[in-house]
Amino acid sequence: MVFVRIALIIAAVYFLYCFIMFCVACLRRKPDPGTENPHSTWYAYRDMIHAGRDWFLSQPSEKVSITSRDGQKLYAAYLPCEGSKNTIILVHGYRSNRFIDFACAFQMYHELGLNILSIDMRSHGDSEGKYILFGLAERYDIVDWAGFLNEKYHPDKIIFDGISMGAATVLMTLDLELPSNVAGVIADCGYTSPKAIWSYVAKRDMYCIPQLIMPGVSLLVKLFTGYDPASSSAIEAVKKAKIPVLFVHGEADGFVPCYMSRENYEACASEKTLLTIPGAKHGCSFLVDREKCVRAIKDFLDLIGIRVLQGEERLDSND
């Protein structure tokens, strides 16, 4: 009887620990974009980020929405570029929103002649949702946003561009049926799978043994959300990729280690490019070496058949 009680206590402590991890990782709470946290890697760039956000907010964008397959209302901001026939979907990272992660790239993409759809992922920003699923559910939302664009704006080509969790999410769409005009994917500092990043962070921050904890956490994710953490991963999805992928990662990334992008790159079956930025921490590649990143993006646009149009040339192309 004593052994049974001990076993029950151990099981209770185990699942309590797993439940805490699940809540910390997956439950929606107040977002922390990191620009005001002195310990954040983005704190040093906060003025640039705020300036980019303010530039976007000063433009004539439109707030748009879709309803997800499981009934969540999702929101985004659509900024047209006059004369453009191509659109980029920007997918932010963990606990951020549509105005932060790509703030310093908004104007660049607009000047390159792209319409911009900057989304709030489920359980972030203005979008509905209770749980953050690290791409397991969000990958379907990205495909549906592409369908929305095709129904309302009829772009010639669509690009998916994600950062951090957004990067993993856009990679996880690559084994789904995509609209035929989705031409390429850009993935900046994405992880290989939800379970891989949970294990990495749990070991680093909570000093636990991932092999012991992850089965319990995975079970709770499946029970509470209905999604199996083993059902999808970036590294498996890219094995079925049919469109070009540009991988970007900071070599000093301490949150999503750079080796994860290298592993995704090696596994990718389609035409691919890998750009790593020395000294760049998590999500900071574009901020650390803007010139190299812009050059890589322009080369990628050329690869997928999107010619960069400037000013009057864009207007002429619309005639």
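Charges to begin with: the chain carries 33 positive and 37 negative charges, and their mean positions lie 7 Å apart. Lys and Arg count as positive, Asp and Glu as negative, while His and the chain ends are not counted. Each charge is placed at NZ of Lys, CZ of Arg, CG of Asp or CD of Glu.

This is a predicted model, in which local features need pLDDT of at least 70 and side-chain atom pairs count only at pLDDT 80 or more, whereas totals for chains, interfaces and linings use all residues. Residues are numbered from 1 along each chain as its sequence is written, and side-chain values use heavy atoms, with hydrogens and water left out.

Next, burial. Of the 319 residues in the chain, 54% are buried, meaning under 20% relative accessible area with a 1.4 Å probe, protein chains only; over 50% is exposed, and in between is partly exposed.

Now the aromatics. Rings of Phe, Tyr and Trp (its six-membered ring) pair if their centres lie within 6.5 Å; planes under 30 degrees apart are stacked, over 60 edge-to-face, and the rest tilted. That rule gives 14 aromatic pairs. One of them joins Trp145 and Phe148, edge-to-face, at 5.6 Å centre to centre and 90° between the planes. Both residues sit in helix α4 (residues 138-152), three residues apart, about one turn of the helix; a helix here is a DSSP run of H or I, at least four residues, numbered from the N terminus. Elsewhere, ring pairs link Phe19, Phe22, Tyr131 and Phe224 into a cluster.

How values were computed. Helix = DSSP H or I, 4+ residues; strand = E, 2+ residues; numbered from the N terminus.
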